[in-house]
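Q: I'd like to learn how to read a model like this one, feature by feature. Could you walk me through it?

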Amino acid sequence: QWKLALQVLDEMKATFGPNVIAYSAAISALSKGQQWQKAWELFCEIESSGQKLSVVTYNATMTALEKGLQWERALDLFDEMKFKGVAVTVVSYGSAIAACEKGHQWRQCLEFLDEMTEKRIQKNVIIFGAAMSCMEKSCRADIAFQLMDRMKLEGVRPNVHIYNSAISACARCKLWRKGLELFEQMEPAGVKRDVVTYNAVLDAVCSQPDLAERIFHDGVARGFYAKVSRLGTQWLELDLHFLSLGGGETALRWWFEKCLVPYLGSSNELSSVKSIDIVTGYGKTRARGARKGDDSMRKRVRAMLSFMNVCEIEQSNLGRIHIDKGKLTTEVARNGGRIIFDARGYEQFKSQEGLDEPFEDTQQFVRPRGGALHDRRERDQGLGRAREEGEI
């Protein structure tokens, strides 16, 4: 409801003039609406009015910036808070650590955790969750494990988000055994698994097909993947929309090798089918950050199909792959009623493309603990160039 929030703010300004509380509420609404540019404009506007900015105003603006992937600007604002003597809170550190995640700044994240200890600001599960996400995105599974140990020492009980981040870190760092170990620890520890847990562990163990399929079926039994396969008399559809890449690989193999056996083994069943589609998702539903080799569900599915000798019919919908039924029928007949997947060839393809490989460590910057003032014009000029070039 950010548009309504701006309307209410305009009415309040017309009646009462600039008000920090009203501006803070509007900035918070803009943050939830992913409108970081408008949030930043409001922050600059209330600042230039001469009003004394509150910690709530700073926190709301930092959150809007980090959600808008403006992590450097968010950290600049945090520096400014400390330099001006604004009393930073646990919420302030939460936004700052979340900004570190966006920039893969794991060293600065650890620095902020140490600062909180020195300032006697108690860390909660949200703070550790943001830090764990930072380690996951930075491919620092080793530090993620240390953070889980640190949580125990500080009396903070890990929740499902903590475990999910740790398992995802294992997936990024190719530590499938450790990822499986964490997955198996959850329920005995009283932490209920969710669909994110299953997606994460399938990413971790997808190189172990039998294990991955067993975990996938467990997820199906729990209702997480209940609508993955849709089989009608005239259409067959595999929906990978909300699966992780490893989950998608596992589901695709299962679908062709086992789920479709009654159709593939019967020429009559297959001849009555008019459409065979795989939904991969596209755009915002697949926005999981940059990956090596332009990795995506669509890329992996198309590669897997090629190693099954299954052809597609080109069409304009980038979130859907339409299978050539005629050529599929021919391939099935040639293989005696089944599809054969060249798993070794596919793994070689992933290795050649650099898929599943973590990014090289991002350059790390650690800021002065006392804060600093930054020249905003430099980042504003960069913003202007990005607008002109159509990047935002």
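**Reading the helices, the core and the loops**

A: Let's start inside helix α10, where Ile-162, Tyr-163, Asn-164, Ser-165, Ala-166, Ile-167, Ser-168, Ala-169, Cys-170 and Ala-171 are buried. Keep in mind that this is a predicted model.

Q: What does that list say about how α10 sits in the structure?

A: Ten of the 13 residues of α10 are buried, so the helix is largely enclosed by the rest of the structure. As a general idea, an α-helix has 3.6 residues a turn, so residues three or four places apart point the same way.

Q: Which helices cover the buried residues of α10?

A: Among the elements that do are α8 (125-137), α9 (141-153), α11 (176-186) and α12 (195-205).

Q: Now for α6. What does the same length check give there?

A: Agreement again: at 1.5 Å a residue its 14 residues should span 20 Å, and the end C-alpha atoms of α6 are 20 Å apart.

Q: Is α6 largely enclosed or largely open?

A: Eleven of its 14 residues are buried, so α6 is largely enclosed by the rest of the structure. The buried set is Ser-92, Tyr-93, Gly-94, Ser-95, Ala-96, Ile-97, Ala-98, Ala-99, Cys-100, Glu-101 and Gly-103. The cover over them includes α4 (55-67), α5 (71-83), α7 and α8.

Q: Can we zoom in on one residue? Where does Ser-95 lie, and is it buried or exposed?

A: Ser-95 lies in α6, which runs over residues 90-103. The cut-off for buried is under 20% relative accessible area. Ser-95 is at 5%, so it counts as buried. Leaving aside neighbours within four places in sequence, Ser-95 is in contact with Asn-59, Met-62, Thr-63 and Glu-66.

Q: Where does Gln-34 lie, and what is its phi?

A: Gln-34 is in the loop between α2 (20-32) and α3 (36-48). Its phi is positive, about 60°, although Gln-34 is not a glycine.

Q: What about Gln-108: where is it, and is it buried or exposed?

A: Gln-108 is in helix α7. At 1% relative accessibility, it counts as buried. Not counting residues up to four places away in sequence, Gln-108 touches Cys-100, Phe-365, Val-366 and Arg-367. Cys-100 is one of the buried residues of α6.

Q: How should I compare separation along the chain with distance in space?

A: Leu-318 and Gly-281 are 37 residues apart in sequence and 7.7 Å apart in space, C-alpha to C-alpha. Gln-108 and Asn-19 are 89 residues apart along the chain, with 34 Å between their C-alpha atoms. As for its setting, Leu-318 lies in the loop between β4 (312-313) and β5 (320-323), and it is partly exposed, with a relative accessible area of 36%.

Q: Which residues have the most contacts inside the largest nonpolar core?

A: Trp-255, Phe-256 and Ile-278, in a core of 113 residues. Take Phe-256: beyond its neighbours within four places in sequence, it is in contact with Leu-264, Ile-278, Leu-305, Met-308, Val-310, Leu-328 and Ile-339.

Q: And how does the whole chain look?

A: The secondary structure comes to 20 helices and five strands, and the C-alpha trace spans about 80 × 50 × 35 Å along its principal axes. Of the 392 residues, 48% are buried. Among contacts with a separation of 6 or more, 69% are between residues 24 or more positions apart. For charge, there are 55 positive and 52 negative side chains, with the centres of the two sets 3 Å apart.

Conventions:
Residues are numbered from 1 along each chain as its sequence is written. This is a predicted model: local features need pLDDT of at least 70, side-chain atom pairs count only at pLDDT 80 or more; totals for chains, interfaces and linings use all residues. Side-chain values use heavy atoms; hydrogens and water are left out. Helices (H or I, at least four residues) and strands (E, at least two) are DSSP runs, numbered from the N terminus. Buried means under 20% relative accessible area, exposed over 50%, partly exposed in between (1.4 Å probe, protein chains only). Contact means heavy atoms within 4.5 Å. Lys and Arg count as positive and Asp and Glu as negative; His and the chain ends are not counted. The place of a charge is taken as NZ of Lys, CZ of Arg, CG of Asp or CD of Glu. A nonpolar core is a set of buried Ala, Val, Leu, Ile, Met, Phe, Trp, Tyr and Cys residues joined through side-chain atoms within 4.5 Å. The expected span of a helix is 1.5 Å times one less than its number of residues.
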